[in-house]
Protein chains: 2
Amino acid sequence: MKATVPISSAGLKTACSQCNLQELCLPFGLSENDIDRLDELVGTRRKIKRQQHLYRAGDLFEAIYAIRAGSFKTDVLLEDGREQVTGFQMTGEIIGLDGISTEFHTCNSIALEDSEVCVIPYAKLEELSRKVEGLQHQFHKVMSREIVRDHGVMMLLGSMRAEERLAAFLLNMSQRFTARGFSSAEFHLRMTREEIGSYLGLKLETVSRAFSRFQDEGLIAVQQKHIRILDGAGLKRLLQHQPAGG
Amino acid sequence: MKATVPISSAGLKTACSQCNLQELCLPFGLSENDIDRLDELVGTRRKIKRQQHLYRAGDLFEAIYAIRAGSFKTDVLLEDGREQVTGFQMTGEIIGLDGISTEFHTCNSIALEDSEVCVIPYAKLEELSRKVEGLQHQFHKVMSREIVRDHGVMMLLGSMRAEERLAAFLLNMSQRFTARGFSSAEFHLRMTREEIGSYLGLKLETVSRAFSRFQDEGLIAVQQKHIRILDGAGLKRLLQHQPAGG
DNA sequence: CGCCCTGTTGACCCATGTCAAAGGCTGTGG
DNA sequence: CCACAGCCTTTGACATGGGTCAACAGGGCG
């Protein structure tokens, strides 16, 4: 039952103007006119199978990517094998920005499920954003938003205790699913407990125990990767007034 | 003994083309010609006294700043009073990038000593970087470098133990002092143990103890904020092969 | 000169890591 | 369609790194 017509993984033409992810992606806030010009820019799509790398630390940087379907994690590896997951990305989000700095990627990007990205050649993006003010501004916002997000993660890792971190994580996921038109109360996590733990600076057992405790307290219902939020306000309450940890 | 001629804190004209921090700052890599055009852009300088804010979370974002003299910390505050220091900045570094995302700053920037910054009005920067390709590229690199740096901090906070964090911090400071023409082996920290601790996700007592242990082991000599690195290789060794912590 | 802020050190404790075992899901091959 | 293998998750028992609390010391500024 394989596809009888082999489809080149890099052969599909993309069109931002046709895409229903506009609101979440690089075109956000641009005029129709400007979005049409973006179409020139975004070259091809690329399919990435679950567990495969979109790029690796050390790869030459040539393009940034907009996630068209699926989801990814980015991570950094230390020589001794320790892994730090630096983020989870969903549809409409832009990845690869780390590569601009040195012309080489500094982290790995791995698909959490079969996924598809729009390839945005970076040289072309710079060129076009010199002509299209709205694009320039939106691109800067995307980068700045990444910086702000990173600061939030630092806050999480540097100042919050295990349960606060997980609560913040769940609320963040919920909000992002909502923005994509999915239920805010019920969703399917694509990553393992170990990956969540790495992101949150915790061991997988600690993550698992925190899930169990949340469930015992009636805040959520967990079944493997399937999460149902029963008491979002309760989760939010966890984020405040906690005695400072770690 | 006050200055007899009152100097407006915002009245001094800046010139990148004259500045000896070029190599570390926004002009890096630009042609002489392009740097001359930067001079139009960079409006004024502003002096900030020790402990004063350059901007606060919630302030309207209008400009980014290049540090001309002195040093700063940036931090994020939680409602319950917890503070996370997100970075320490030295001469030539650019601060304020967090504000692009929402038009409002999301963190506080506080001078660690009497300092001076060059004010770079953001609207003008976007305008000029549409005309000057090199400036555009350099600005993007600055933002990307901040993202990469943040990932490094996440690694630190998420995967390293207390002594590794401090060793990484000291090596990083050493390297940045070197880049500024100061000794790599001997320097003066501008921040308190508490601020270092907040940055590294540790309590001040833990930072103090780690300093003492490093001293006992002959890796460094500490006297208050004055640090002398005696065995840089030893510090580097601490960063590897450590059993994964926290 | 004295106060206050910063830093150091000790004793104790707790949150989270470590190690271990077992159960459930999923995918694959027979 | 079933059985098996491997991964993921959960849970328990125990260990420990770093937090907490407290006392004190040094240095700089008023």
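**Briefing: a predicted protein–DNA model**

A162(B) is partly exposed, with a relative accessible area of 23%, where buried means under 20%, exposed over 50% and partly exposed in between (1.4 Å probe, protein chains only). The model is predicted: local features need pLDDT of at least 70, side-chain atom pairs count only at pLDDT 80 or more, and totals for chains, interfaces and linings use all residues. Residues are numbered from 1 along each chain as its sequence is written, chains are lettered from A and ligands numbered from 1 in the order in which they are written, and side-chain values use heavy atoms, with hydrogens and water left out.

**A162(B) and its surroundings**

- A162(B) belongs to helix α4 (residues 162–179) of chain B; helices (H or I, at least four residues) and strands (E, at least two) are DSSP runs, numbered from the N terminus.
- Apart from neighbours within four places in sequence, A162(B) is in contact with L202(B) and T206(B), contact meaning heavy atoms within 4.5 Å.
- Between A162(B) and G201(B) the C-alpha to C-alpha distance is 8.6 Å, although 39 residues separate them in sequence.

**The surface near DNA strand D**

- DNA strand D is surrounded by 19 residues, of which the closest are R193(A), S208(A), S212(A), T206(B) and R209(B); a residue is near the strand if one of its heavy atoms lies within 4 Å of it.
- Of the atoms of DNA strand D that come within 4 Å of the protein, 66% belong to sugar and phosphate.
- A polar backbone atom of R193(A) is 2.7 Å from a phosphate oxygen of DNA strand D.
- In the side chain of E205(B), an N or O atom is 3.3 Å from a base nitrogen of DNA strand D.
- An N or O atom in the side chain of R209(B) is 2.8 Å from a base oxygen of DNA strand D.
- Two elements each give two or more residues to the surface near DNA strand D, namely α6 (204–216) of chain A and α6 (204–216) of chain B.
- With five residues, α6(A) provides the largest share of that surface near DNA strand D.
- By residue class, the surface near DNA strand D has four nonpolar, seven polar and eight charged residues; Ala, Val, Leu, Ile, Met, Phe, Trp, Tyr, Cys and Pro count as nonpolar, Asp, Glu, Lys and Arg as charged, and the others, Gly among them, as polar.

**Helix α3 of chain A**

- The 27 residues of helix α3 (residues 133–159) of chain A should span 39 Å at 1.5 Å a residue, and this agrees with the 39 Å between its end C-alpha atoms; the expected span is 1.5 Å times one less than the number of residues.
- Of the 27 residues in α3(A), 20 are buried, so that the helix is mostly covered.

**Loop residues**

- H105(B) lies in the loop between β6 (94–95) and β7 (108–111) of chain B, and counts as buried because its relative accessibility is 4%.
- Residues touching H105(B), leaving out those up to four places away in sequence, include Y55(B), R56(B), F61(B) and D98(B).
- Q224(A), in the loop between β10 (220–223) and β11 (226–229) of chain A, has a positive phi of about 55 degrees although it is not a glycine.
- Q224(A) counts as exposed, at 65% relative accessibility.
- In chain B, Q224(B) lies in the loop between β10 (220–223) and β11 (226–229), and its phi is near 55 degrees.

**Annotated domain**

- UniProt, in an unreviewed entry, places the feature "domain: HTH crp-type" at residues 160–233 of chain A; such annotations may be inferred rather than shown by experiment.
- Residues 160–233 of chain A are 55% helix and 15% strand, and their end C-alpha atoms lie 18 Å apart.

Note on methods
A polar contact is a pair of N or O atoms within 3.5 Å; within protein, one must be able to donate a hydrogen and the other to accept it, and residues adjacent in sequence count only if both atoms are side-chain atoms.
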